[in-house]
Amino acid sequence: MLASLALVLLSSTLLYAQPDPKPLEPLHTTVNVTATRSPLEIDNSPISASTVSRQELENRNIRQIDQALILIEGVNAIRSKGPSDNDFGLGLRGFAGRSGQNRTLILVDGQPVNNSYIGNVNWSTFSVSEMERVEVARGPFSSLYGGNAMGGVVNLITRPVDKRRLEVFGQYGNRQTTNYSISAADRFFGKLGLSFGYSRFQTGGYAPQEVLRTLATGSGGVPVTGVERWLTSTGGTTYQVGLRGRNWFNQDAFRTRAEYSFSPRLFASFQYMRQRRNDGYDAYTSFLRDPSGNPIDNGTVTFLDAGVTRRLTLTPANFIGTPTGATVNIFQAQILATLNPSWNLRVAAGANRAPGDFYITPGANATLTSGIGNFVNQSQQALYGNIQLSQQRAGRSFIAGTETRADRARIAGQNVPNYAFRDNGADYDSQAMGKSVNQAGYLQYQRTFEKLTLVGGGRWDYWRAYGGGNQTGVNQPVARYPERSANAFTGKLAASYTLPGQFRLRGSAGNAFRNPTVYDQYRDLVLSGTLFAANPNINPEHLFAYEGGIQRPGRRASFDATLFENRVSDLIYRTTDFAADPAGRIRRLTNAGLARTRGAEASVRQRPFSWLELRQAYTFTNSIITRNDALPATVGNRLPYVPKHTLTYLATAARNRWSLTWNGRYVSTIFSTDTNTDIVKGVPGSYDPFFEMDATFGYQLHKHVQFILNADNLLDRRYYMSFITPGRSVFAGFRIRL
C-alpha cells in the first residue's frame, strides 16, 4: 500500500510541474448507440448505459477486452486463472457470466457473437488494438435484440477508417509475457478506406492448479513425504501431492476492413476478423519423495497425517492439465443509405464461423508427452441478417427492422492415440448437434420534449429448432429429436424527466427471453459415473424487469443511481432425477426454478482539475432462488457466481507529456453452487472476496512515441477464484503513432 501511495504522490508532483494542461475527455458528451439502436447522449438517455472509450482502453493499458468493463457498475466479471481462463464470462444485472455467458448478449458492431452451441463468448480472442469503444446497456433488451439480452447488451465497436494512421505497440512483462500489435489505415480518393491490424499476446503463465487427491483404501504402498493437507471449500479434507505445470497461453488476431463512399448518401463496408487462442501446461511438479529422495508420481503411496498412516493412489495423468484452443472467424458487411434528410436505411449481413473450439482430456495412463486422450471439439456457424429503417426528426426518432439468425452447432468426442497431437481419432463416443432459425421484427419510437424523453418499443420473435440429435457411447446410434418452435413478444417502455437543478429522473420496464441452446437440448454427457442429461423439450426462459434512477450531470461532478428488480421464470436448471435413478446418478436440465434479483447501482464522477478525473462505482446485487421444486432447500439461497457487493474506483490524470491511471476493485464472496455450502475460503476450489488495484503510467517521449509502464494487482494479492490467481504482473512497452 505504501509503495502504491508513493507512486501516486510522485506522479502527482510531476503532473503539477507541467504548465499547460492536456484536457481529458469531456465528462458527459458520450454518445451510446446500443441502448436504443440509434445515437443518443448517455446524459439524455432513459436507459442505463455506459461507454468505455478508445482513450480509456489506452490509458489503462487494457490487454484483454473484458478488463475494460470490470469497473462499470452492474458488471459481473471474474477470471479464475488469468488470460487462459476458458470458462470466463461476463454477466450483467445479477446474471453470472461464469459457467454461462448466455444471459448477456454480446455484439461486435451490432452483430451477435454468442456462440451457437452454448451461448458463450471466447473473450480471450478479441484484439483490443482494433476496438474503438465498448458500449454497455444494462437491463432487458430483447425488445430490440431478441434472445440472450436478459441482463443487458455489450457491444464491441471496432475502429473505423476515418483517417490515415499507423500504430505500432509492443510490451514485455513478467512470466515471459509479450504483447504487440500493428494497425494501419488510410483513405484514398476521398472515397475508399482500407485498414488492417494484427495483434499477438502470449505468456509463459504460472502454475494455477494444485494436484489434489482423496484417500484410498487397500494395503501396501511406498512411504513418502511431501503430502500437504487442505480443507475443501465445503469443509471436507483433501491432500495435495503436487502442482500442475505453468499454464501458458497464446492468442493472435487479424482484422481487415474496407469502406467505400459511393456518394454522400450511400456508404458500404466489409470487414473480416480471424481470432485464435490456445493454451496448455508445462511440466508438472510432484511434491512426493520416497525414502531415497526420488520424486514419485505413480502408484500407491502411504504417509503420516497427524500420526495416522494414510494412503493415496496416483498416476502421471493426475498431474496433467487439459489443453484447449479455439479459432473464430467473423465476417460482416453493411450498406448505409440516406433516403432523404430524415430517413436512413441500414442493411447488414454477417457470419460467425468457429471450426474448432476444443479441449483434450488425457487418459488414465497418459504421461506428460504421450498417451491416449479424449479429444472433444465444437464446430459452430451463425448466419445473421438485419434490415433497419430509421427516421430522425427534431425531437423524435422511429426505428423499424427485421432480423434473422440461423445457427448450427455440433460437439463430438473421440479417443486419440496421443493426446498431444489429436490425430487418428477413433469412432465418436459422444455427440450432440442441432440447428435453429430465429426470425424477428421490431419497432421503436422515441420522443423528446423540453424536459421529458419517452422510448417505447416491441419485438416479435419466432424460433424454430430442428436437426437435433445426440450420441452417448461408442457404437451407439445417434438419437434424433423432432422439430420444435416457440414465439415470443417482448416490449420495453422507458422515460426520463428533467427536474430543476439539472436532476433527471428515469425509469423503465420490460421483458426478455432466452431460447434453449444445443447444449441445453441435446448434450448428454457422462462424467465420473453420473449422467448429465439434456432435455429436448425444455422451454425458453423468461424475465420481467423494472428499474428507476436519478442522475445529475455536470461539468465538474456528476452522479447516477439506479434501483432495479429482475424476475426470472422457467429458469433452466439442472436437477437430480431420483425417479429415473434412485442412486442420484442422473442430473437433468429442466425448467425447474424461479429467481429474483434486487439491486442498486451508483456511480460518481468528479473533475477537480481539467487534467484529473475521478470515478467511483458501487453495485449491490441480491440474486436469490425463489422457487425450486426439485430441491426446495435451495429456496432463499443466492445464485451461483454473483457477488453481493462490488466497489470500484478509477483515477485518470493527463498533463502535457505525463499520464497516469490508478484503479481498484473489491468483489465480495460468491458461491459456486446453489446449495451455498462452499463457505470455506482461501482453499482450492473456493471463491474468495478480493481487492485488487492496477496502475498505468505513460510518458510521451516524442510526439510519435509514448513509453508505458503498467502493473496489475499492484499489491500482489493471492487469492482463490477456484484456482489461485497469478499475483502481481508488471509490463513495460511503447506505442508509436505516425
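Is Arg246 buried, exposed or partly exposed? In this predicted model, Arg246 counts as partly exposed, since its relative accessibility is 33%.

## Arg246 and its partner

The side chain of Arg246 meets that of Asp282 in a salt bridge, with a distance of 3.4 Å from N to O. Asp282 lies in the loop between strand E18 (266-281) and strand E19 (285-286), while Arg246 lies in the loop between strand E16 (237-243) and E17, so the pair ties together parts that are 36 residues apart in sequence.

Another salt bridge joins the side chains of Arg255 and Glu130, at 2.6 Å from N to O. Because Arg255 belongs to strand E17 (residues 247-263) and Glu130 to the loop between strand E7 (111-112) and E8, this pair ties together parts that are 125 residues apart in sequence.

Both residues fall under the 20% limit for being buried: Arg255 has a relative accessibility of 2% and therefore counts as buried, and Glu130, at 3%, counts as buried too.

## Glu135 in strand E8

Strand E8 (residues 131-138) is the place of Glu135. With a relative accessibility of 0%, Glu135 counts as buried, and its side chain is joined to that of Arg133 by a polar contact of 2.9 Å.

## A link between distant parts of the chain

Arg737 forms a salt bridge with Glu167, in which the closest N and O atoms are 3.5 Å apart. The two residues are 570 residues apart, with Arg737 in strand E43 (residues 729-737) and Glu167 in strand E10 (residues 165-173), and the pair thus links distant parts of the chain.

## Salt bridges across the structure

Side chains of opposite charge can pair when their charged atoms come close. How many salt bridges does the structure hold? The structure holds 37 salt bridges, among them the pair of Arg255 and Glu130, the pair of Arg737 and Glu167, and the pair of Asp282 and Arg246.

Salt bridges also link residues into a network, whose members are Glu73, Arg93, Arg138, Arg506, Glu547, Asp560 and Glu601.

How values were computed
Residues are numbered from 1 along each chain as its sequence is written. This is a predicted model: local features need pLDDT of at least 70, side-chain atom pairs count only at pLDDT 80 or more; totals for chains, interfaces and linings use all residues. Side-chain values use heavy atoms; hydrogens and water are left out. Helices (H or I, at least four residues) and strands (E, at least two) are DSSP runs, numbered from the N terminus. Buried means under 20% relative accessible area, exposed over 50%, partly exposed in between (1.4 Å probe, protein chains only). A polar contact is a pair of N or O atoms within 3.5 Å; within protein, one must be able to donate a hydrogen and the other to accept it, and residues adjacent in sequence count only if both atoms are side-chain atoms. A salt bridge is a side-chain nitrogen of Lys or Arg within 4 Å of a carboxyl oxygen of Asp or Glu.
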